[in-house]
Amino acid sequence: MASDTQDRQGGQGGPLLEVDGLCVTLFTDAGELRCIQDLSFSMRRGETLAVVGESGCGKSMTALSIMDLIPKPPAKIVGGRILFEGTDLVQLPDDRMRDYRGNEISMIFQEPMTSLNPVMLCGKQIAEGLLVHNPDMAKAEADAKALDMIRFVGIPAPEKVFKSYPFELSGGMRQRIMIAMALACEPAMLICDEPTTALDVTIQAQVLQLIDRMRQETGTAVMLITHDMGVVSEMADWVLVMYAGRQVEYTRASELFAHPAHPYAQGLIDSIPSMDASGERLYAIPGNVPMLNELPSGCLFNPRCPYARDICRREVPGFTPVDGDEGHRVACWKYTDRWEEGR
Ligand SMILES: Nc1ncnc2c1ncn2[C@@H]1O[C@H](COP(=O)(O)OP(=O)(O)OP(=O)(O)O)[C@@H](O)[C@H]1O
Ligand SMILES: [Mg+2]
């Protein structure tokens, strides 16, 4: 996979991030639950990768694995590599990982209050982050840069907000402060885990525009975790579709919408509300994502799949190119030469 990825991405010095065979297990009283299985994908500078899938598919776990913030215990990375500019983050000692987190890779969480300090002025929090990662920076310089960042994220009256506590701000403003914090160190990679679900629609659009502007201006690679396929179509270059902890499809966003290959991806796209289909009932994929303690054998999607055959119930499909296209991969028996014998 690694060499394929390299070939596909070529140019621009190759991928910024390469996840290769990542496996995360939850060690629980109910036994060992495989939460992420054999996940491989890569990201390039200046590009946006959307990670999609229903609730519980492992999107946040994937993001937290890259940040080394998975809940330990019960979770543990039991296999694979997370190469950031060639350095395997999985093997890094905690103190070296801290240099990457915030500095090279930043994350915007769904709920801003989880990452803001309630008793520190907003501006000081941003300045503090800068000072932690740039010990030689003068305090006044950090304050000035923090104020610039507050301005950059489009907050009106930045001087006033600099001197506000998080609780004094609206949800949308707090989200912007968190984004300002995440962007202040100009990370090479920004992970956004459902960055706008807590916000109302107009603010959502502004926050997404902000993230996109940052990507264009600084060449940051953006991982965007979202439930919203509309956001995917507007923002993403590439899409990774996850199902029950596994990758089921990886392709260009335009290709996913035009020719979704995996029946699960097709279901997600058919579930998008359309403007012209007023009155029609919205399609919903039948059934639910399986619990980790009752994963089916074979393809994990087979109990919900309209095309499932015996082979799908027996064997796990590989993650293979669709019609020879290395940039479009799918985990589905339908696209293999064993499909006809699979009844
Ligand atoms: N702290 C934890 N302890 C035990 N299990 C967990 C923990 N966090 C997540 N899980 C389990 O790991 C699996 C993947 O969860 P994850 O949070 O990555 O899903 P997700 O795709 O981000 O879902 P959502 O769209 O709801 O945010 C789920 O089965 C979830 O129940
Ligand atoms: Mg999540």
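The model is predicted, and its chain averages a pLDDT of 90, with 93% of the residues scoring at least 70.

**Confidence**

**Helix α4**
- Helix α4 takes in the 12 residues 122-133.
- At 1.5 Å a residue, α4 should span 16 Å, and its end C-alpha atoms sit 17 Å apart, so the two figures agree.
- Its buried residues are Cys122, Gly123, Gln125, Ile126, Ala127, Gly129 and Leu130.
- An α-helix has 3.6 residues a turn, so residues three or four places apart point the same way.
- Among the elements covering the buried residues of α4 are α5 (139-152), α6 (158-162) and α7 (171-184).

**Strand β10 and its partners**
- Strand β10 (residues 246-252) is mostly covered, with six of its seven residues buried.
- On one pairing, β10 runs antiparallel to β9 (residues 238-243), and six bridges join them.
- Within that pairing, Val241 stands opposite Glu249 in β10.
- β9 and β10 make a hairpin with two residues between them, and Ala244 in the turn has a positive phi of about 50°.
- β10 also pairs antiparallel with β12 (residues 325-330), this time through two bridges.
- Here Tyr250 stands opposite Arg329 in β12.

Technical notes. Residues are numbered from 1 along each chain as its sequence is written. Chains are lettered from A and ligands numbered from 1 in the order in which they are written. This is a predicted model: local features need pLDDT of at least 70, side-chain atom pairs count only at pLDDT 80 or more; totals for chains, interfaces and linings use all residues. pLDDT is the predictor's confidence in each residue, from 0 to 100. Helices (H or I, at least four residues) and strands (E, at least two) are DSSP runs, numbered from the N terminus. The expected span of a helix is 1.5 Å times one less than its number of residues. A residue is buried if 20 or more other C-beta atoms lie within 10 Å of its own, exposed if 12 or fewer, and partly exposed in between; C-beta atoms are placed from the backbone. Two residues are in contact if their C-beta atoms, placed from the backbone, lie within 7 Å. Two strands pair if DSSP finds at least two bridges between them.
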